[in-house]
Amino acid sequence: MLTLEPETTSALDYNLLNTSIQDTFTAINRFEWQAIEELRVMWEKCYYLDAGYKSFEDYCEKELIKYGGYRRVRDLLSASEVRDTLPESLKDKITKPSQTRSLFRLVKTPDKLEQAVAIAVKEKPFPTAADFAKAVQQGEQRDFVRC
């Protein structure tokens with residue numbers, strides 16, 4: 001990761017700075033998924049009980065409130081569930097948890113989830129959250145059309 005000092009920024013060329021920006025965003029995304037896996041372990045193994053918390057929600061509200069508390073943790077775990085439900089060929093199209101909000105309601109119908117992601121990917125190789133939401137709507141509209 002590149003650290004910029006004011007006197008050296010003008011000497012940097014575009015390629016070096018652009019690569020550093022992309023590497024930083026990649027690291028942010030990787031660490032967000034890593035945090036999700038750690039949260040999942042905390043929840044599944046009930047490690048929060050060792051610290052005297054009565055529930056996972058209580059742990060999140062006390063220890064993680066400055067990061068969004070239980071609401072954000074619940075959203076992150078839901079994002080993981082969406083990604084885990086997808087086939088391997090589509091998992092890498094979900095690059096950050098925020099992209100999964102509109103997809104979560106399709107987790108219980110994996111074929112519809114896969115269809116929505118495939119629709120979004122067909123339009124853009126790496127869809128945004130808005131692209132996934134649009135694909136969910138398109139998939140729902142297709143369900144109403146029988147002929």
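The following conversation goes through a predicted model of one protein chain.

Trainee: What does the secondary structure come to, in helices and strands?

Mentor: The protein chain has 6 helices and 0 strands. Read along the sequence, the pattern is α-α-α-α-α-α. Please keep in mind that this is a predicted model.

Trainee: How many residues does the chain have, and what percentage count as buried?

Mentor: The chain has 147 residues, and 31% of them count as buried.

Trainee: Let us turn to the inside. Which residues have the most contacts in the largest nonpolar core?

Mentor: That core has 29 residues, and those with the most contacts inside it are L39, F56, Y59, V73, L103, L113 and V117. At least two residues of this core come from each of α1, α2, α3 (69–85), α5 and α6 (129–144). The largest share, 6 residues, is supplied by α5. As background, nonpolar side chains tend to be buried together in soluble globular proteins.

Trainee: What does L113 touch, leaving aside its neighbours within four places in sequence?

Mentor: With those neighbours left aside, L113 is in contact with V82, T85, L86, L103, L106 and V107.

Trainee: Which residues of α2 are buried?

Mentor: In α2, the buried residues are F56, Y59 and C60. They lie on the same side of α2, because they cover an arc of only 95° around the axis. The buried residues of α2 pack against α1 and α3.

Trainee: Why would residues a few places apart in a helix point the same way?

Mentor: An α-helix has 3.6 residues a turn, so residues three or four places apart point the same way.

Trainee: Now the loops. Where is Y53, and is it buried or exposed?

Mentor: Y53 lies in the loop between α1 and α2. Its relative accessibility is 15%, so Y53 counts as buried. Not counting residues up to four places away in sequence, Y53 touches Y48, D58, Y59, K62 and E63.

Trainee: What about phi of C46?

Mentor: Phi of C46 is near 55°, which is a positive value in a residue other than glycine. Most residues other than glycine have a negative phi. C46 is found in the loop between α1 (14–44) and α2 (56–63), and C46 counts as partly exposed at 29% relative accessibility.

Trainee: Changing topic: how many salt bridges are there in the whole structure?

Mentor: A search of the whole structure finds 7 salt bridges. In one of them, the side chains of R72 and E32 meet at 3.3 Å, N to O. This pair links distant parts of the chain, with R72 in helix α3 and E32 in helix α1, 40 residues apart. R72 is partly exposed, at a relative accessible area of 36%.

Trainee: Which residue forms a salt bridge with K91?

Mentor: K91 pairs with E88, and the closest N and O atoms are 3.1 Å apart. Both residues lie in helix α4, 3 residues apart, which is about one turn of the helix. K91 counts as buried at 19% relative accessibility, whereas E88 counts as exposed at 61%.

Trainee: Where do E123 and K134 lie?

Mentor: E123 and K134 form a salt bridge whose closest N and O atoms are 3.9 Å apart. E123 lies in helix α5 and K134 in helix α6, so the pair ties together parts that are 11 residues apart in sequence. E123 is exposed, with a relative accessible area of 54%, and K134 is partly exposed at 43%. Salt bridges that share partners also join E37, R40 and D84 into one network.

Conventions. Residues numbered from 1 in each chain as written. Predicted model: local features only at pLDDT ≥ 70, side-chain atom pairs only at ≥ 80, totals over all residues. Heavy atoms only, no water. Helix = DSSP H or I, 4+ residues; strand = E, 2+ residues; numbered from the N terminus. Buried < 20%, exposed > 50% of the residue type's maximum accessible area, 1.4 Å probe, protein only. Core = buried A, V, L, I, M, F, W, Y, C linked by side-chain atoms within 4.5 Å. Contact = heavy atoms within 4.5 Å. Arc of directions from axis to C-beta. Salt bridge = Lys/Arg side-chain N within 4 Å of Asp/Glu carboxyl O.
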